[in-house]
Number of protein chains: 2
Amino acid sequence: MQLIDGKATAAKIREEIAQEVKKIKSAGGKTPHLAAILVGHDGGSETYVANKVKACEQVGFESTLIRFENDVTEEELLKSVEKLNNDPDIDGFIVQLPLPKHISEDKVTEAIDYRKDVDGFHPVNVGRMSLGLPGFLSATPSGIVELLRRYEIETRGKHCVILGRSNIVGKPAATLMMRKGYPGDCTVTVCHSRTPNIKEICLQADIIIAALGVPEFLKGDMVKEGAVVIDVGTTRVPSDKTKSGFKLTGDVAFDEVAPKCSYITPVPGGVGPMTIASLLKNTLLAGKKEVYSIEK
Amino acid sequence: MQLIDGKATAAKIREEIAQEVKKIKSAGGKTPHLAAILVGHDGGSETYVANKVKACEQVGFESTLIRFENDVTEEELLKSVEKLNNDPDIDGFIVQLPLPKHISEDKVTEAIDYRKDVDGFHPVNVGRMSLGLPGFLSATPSGIVELLRRYEIETRGKHCVILGRSNIVGKPAATLMMRKGYPGDCTVTVCHSRTPNIKEICLQADIIIAALGVPEFLKGDMVKEGAVVIDVGTTRVPSDKTKSGFKLTGDVAFDEVAPKCSYITPVPGGVGPMTIASLLKNTLLAGKKEVYSIEK
């Protein structure tokens, strides 16, 4: 069994990006600039955004954090999005989700200029990915695919079973795993809460991507010998063994499953760090105007 | 075994649309108007477009056919698209594919205002479908889902195996069959040319959607007793028994497979007629501005 080290891989990607930013700067080019909008003070969101800003600094990007209180109106938020859309210095930006209930996440996401949508959540980027056209790939599925690539894990002709059909992981991961070429060319099965025989299907899988958000859902007797297991779950489970009072727990019962795997990602330190690395990659592409040219 | 009669179902849908158009007209509303751009004289394309125009007349729509010769430049074609985008009388339009090789189909498809893209091929509509947002559903997968709905075929918790990963059938059909609600909530497996064990997977399927474009690919021994089989294939196979010299042949070896099925679509007369019915439905929605409002 080989552990897939997402933390080390993400560090390597950040190093590669930092090298490229240095080159761009020394050639007199523009420093890539990522902005993040954060609404309210949710603990998870605070941590995610802080990590993104920190990662930007590490690779030499410029970063701007825009904060609103929970009582911000949808109109104010949309104005802020519009301002970033029109700011030529901002190459890409994200609006950290979730948003307060009185604000439509769909409306805000669609208001973002898709050419600056480095989260890859805008319908244009989702559609282009599905059609196999260039665009910004959403961060978590693209991080998964990058792990498979860097560990040279064979995917062609393999059966990939995806647990979960969310817009941000399950569905886009299915699209990427079934597309032509490498990593891809998988037979893909998507299971979810309405699938009656998940165990039977998982036992057929060469590759399992678990993204249900149910702690330790995937047990040892659901995985065949030699499978590759990618754990996307990150649920905060109360714990008296940690200072914070909780423990990040994946969708995989690691101790049971790991001995049967050829490769497995841990939680934490697997897919998680790759998500930010993917965001940085998208921002670099946005800065270089390699995906879309912005003419306004 | 029950035959799913796509021809009769499509006729019923056309009748429903005709009734609604009558109501709109008698209330002084605008007659829905579909335009089609046809380039060249390919036999298949001529037939498809002629059928679409005829169907428009049957339901009381206005229709406009714009023809170009094969030597039309991309620029001329894009100008024509732009003109239709800006024509307030045109509610929806399609550009019949394939286009000559010197013209980028992607570029032309993306030039269409997504709010008039009744084929549902524009990245915005593809992305919105994937995200579960309202939009124009592409015609063939939406026709398949409509057949399942009208025949009240249970999909929830069923295993749907899709043969083929094309942008116009396989991938969007997968999205629709896995979405929440009815028809949907299927466990979905997408197989394709790189799948080594298609037979084994098909034998697990409650519903098979065959869209590989390989005549009579699905044999009797690949289908379990009681399965629902939807045949999307329409390959012209040479034949000395027809006047035209060819015979439309599906992806299913019908004579072997049909006796094992609970439901099956024939070719012709199954999914084919539903595709045009879906296009008419999208045009009606476009005319009523129910999906997108157009403010320009």
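Among the contacts in chain A between residues at least 6 apart in sequence, 68% join residues at least 24 apart, two residues being in contact if their C-beta atoms, placed from the backbone, lie within 7 Å. The model is predicted, so that local features need pLDDT of at least 70 and side-chain atom pairs count only at pLDDT 80 or more, while totals for chains, interfaces and linings use all residues. Residues are numbered from 1 along each chain as its sequence is written, and chains are lettered from A and ligands numbered from 1 in the order in which they are written.

Chain A contains ten helices and eleven strands; helices (H or I, at least four residues) and strands (E, at least two) are DSSP runs, numbered from the N terminus. The C-alpha trace of chain A spans about 55 × 40 × 35 Å along its principal axes. Its radius of gyration is 19 Å, which agrees with the value near 19 Å for a compact globule of 296 residues; the radius is taken over C-alpha atoms, and the globule rule is 2.2 Å times the number of residues to the power 0.38. Of the 296 residues in chain A, 49% are buried, that is, 20 or more other C-beta atoms lie within 10 Å of the residue's own, with C-beta atoms placed from the backbone.

In chain B, strand β7 (residues 207-210) directs B:I207 and B:I209 one way and B:I208 and B:A210 the other, and all are buried. In a regular strand the side chains alternate between the two faces of the sheet.

Strands pair if DSSP finds at least two bridges between them. β7(B) pairs in the parallel sense with strand β5 (residues 159-163) of chain B over four bridges, and B:I162 stands opposite B:I209. Four bridges also join β7(B) to the parallel strand β8 (residues 228-231) of chain B, where B:D231 stands opposite B:A210.

Terms used
A residue is buried if 20 or more other C-beta atoms lie within 10 Å of its own, exposed if 12 or fewer, and partly exposed in between; C-beta atoms are placed from the backbone.
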